[in-house]
Amino acid sequence: MPKAPPTPPLPLNGLFPVAKPSGPPSMRIIDALNPLLLESRLFVDPNQTRPKERNKRKKNATHMGLKIGQGGTLDPLADGVLVIGVNRGTKHLNRFLECTKEYESIGLLGAATTSYDSEGSILSTGDFDGVTREDVERVLDQFRGKIKQTPPIADGSFSALKMDGKPLYEYARESKPLPRAIPVRECEVSIDLIDFQPAQEVEGDGGHTYKWPTQRLSSDEKEVFTKLNKMVHDAGGEAATAEPPIDLEAPDVPEVSAKTGKRPAAFTVRMTVSSGTYVRSIVHDIGLALGCGAHVVKLTRTRQGEFVLNGPEDEELLDEFASEMAAEDAARAEKAEGGVVPSQLISEEEATNAPAPPAACKEKKRSVPCVPWDVFERAIAERDASRKAEEQEREEARENMTKEEWRDRYGYDAVRRRNAEAPLKEWENEVLRRFVPVPLPVVRDSKSRQKQY
């Protein structure tokens, strides 16, 4: 049983990582966490009064003044590291958009899709018979080092990419040429093949169970996609020759090979990529290089900055990390109380731009593992059950209490007081053990400045 970590000065301002599951989009994760954080004494200012107006919200702020944001979106298919910033921590999230990230992705051979993953419609199929692990290893050399990518033009609606504020597919539907060539982005990629797996033939034989999407392009959609590809080519630039064209008129290849009776193999790659890299495009382009097509069936972000999906199993290491984080935050708070010269004070700009994580994490090159999502699932279920029981208790109490008695027991201030006095829950302790506080600005009034000088 892990010991409870020390609690740093409250409310908490900083960052912590969550292991997002595949299925919900990132914003739904934020929405699920909001009620927990709002009722936790760790994150809400105890002096915060209930606002009278809920419509005047600041960016990333809830109606109770808590700020929460994410350091890089993961769409529904993807899982893995999702960095959460709370309060002042939201001002440090931009650096996670620019940092190096690590992913593991599973690609299924034989079919290219509109979204480059299993949630899109099939664009084309190709003969996957005979593709070996060695073939995949060989083409990976094309995707190592500095490579050039164009934004995917074939996502779920053919293109979310816009030019002059207008989606590309609208240019195609209106048969209008693009105003200019699509810009090419340079990125840096390190990629390795870590698995090559044939499809399952007999249950339990160790093969994969992934299958192609069942949805295909309609004739109208094929026409739009064909126009879009031609427009990109006619606009010129590097994007016009960035990848081989897809022949939508080529005959379909069945998912079960007519020659071998087997379904296509899957391959798993591990990638470290620079900011702005289109990870799905790499798997899509590997399939084109193999001549058969491929699409992503699983995508996991395993690292983002100092945060990792899986960290040390040793509970003592996590407890030590939490203690060091709390000690550093307490030291900063003590410095802010007084006894420092003006040159030691942290300005608003310095606090926002200060590097994170603090020394305890940075100097020891320690990775911070994610809070498992099932920890939050249990907390959400417990909260829902508790609120249901409390609501029933409230209704019964209305008949037997005066308004003053009921307010003293169930009113806003009474609930806040009980939350503040309650022992920390499992999820709160798990967040504390992984929490990376950020520097706070020290605000001095005129009297304190006079004392300083």
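**Charged and aromatic contacts**

Tutor: A network of salt bridges links E39, R383, D384 and R387. The model is a predicted one.

Student: What makes the contact between E39 and R387 a salt bridge?
Tutor: The closest N and O atoms of E39 and R387 are 3.2 Å apart. The cut-off is 4 Å between a side-chain nitrogen of Lys or Arg and a carboxyl oxygen of Asp or Glu, so the pair qualifies.

Student: Why is this pair said to tie together separate parts of the chain?
Tutor: E39 lies in the loop between α1 (26-38) and β2 (68-70), while R387 belongs to helix α10 (residues 373-398), so the parts they tie together are 348 residues apart in sequence.

Student: Is E39 buried, exposed or partly exposed, and how do you know?
Tutor: E39 has 29% relative accessibility. Buried means under 20% and exposed over 50%, so E39 is partly exposed. R387, with a relative accessible area of 46%, is partly exposed by the same rule.

Student: What makes E104 and R270 a salt bridge?
Tutor: Their closest N and O atoms are 3.1 Å apart, and the limit is 4 Å, so the label holds. E104 is in strand β4 (residues 101-109) and R270 in strand β11 (residues 266-273), so this pair ties together parts 166 residues apart in sequence. E104 is partly exposed at 26%, and R270 is partly exposed at 41%.

Student: How do you know that D127 and K259 meet in a salt bridge?
Tutor: The N to O distance between their side chains is 3.6 Å. That value is within 4 Å, so the pair counts. D127 sits in the loop between β6 (122-125) and α3 (133-139) and K259 in the loop between α5 (219-235) and β11, so the parts tied together are 132 residues apart in sequence.

Student: Why is K259 called exposed, and D127 partly exposed?
Tutor: K259 has 67% relative accessibility, which is over 50%, so K259 is exposed. D127 has 40%, between the limits of 20% and 50%, so D127 is partly exposed.

Student: How many salt bridges does the rule give?
Tutor: The count comes to 23 salt bridges.

Student: And how many aromatic pairs are there?
Tutor: There are 8 aromatic pairs.

Student: Which residues do ring pairs link into a cluster?
Tutor: The cluster consists of F16, F43, W373, F376, W427 and F435.

Student: What makes K166 a charge over the ring of Y171?
Tutor: K166 lies over the face of Y171 at 4.8 Å from the ring centre. The distance limit is 6 Å, so K166 meets it.

Terms used. Residues are numbered from 1 along each chain as its sequence is written. This is a predicted model: local features need pLDDT of at least 70, side-chain atom pairs count only at pLDDT 80 or more; totals for chains, interfaces and linings use all residues. Side-chain values use heavy atoms; hydrogens and water are left out. Helices (H or I, at least four residues) and strands (E, at least two) are DSSP runs, numbered from the N terminus. Buried means under 20% relative accessible area, exposed over 50%, partly exposed in between (1.4 Å probe, protein chains only). Rings of Phe, Tyr and Trp (its six-membered ring) pair if their centres lie within 6.5 Å; planes under 30 degrees apart count as stacked, over 60 as edge-to-face and the rest as tilted. A charge sits over a ring if NZ of Lys or CZ of Arg is within 6 Å of the ring centre and within 35 degrees of the ring normal.
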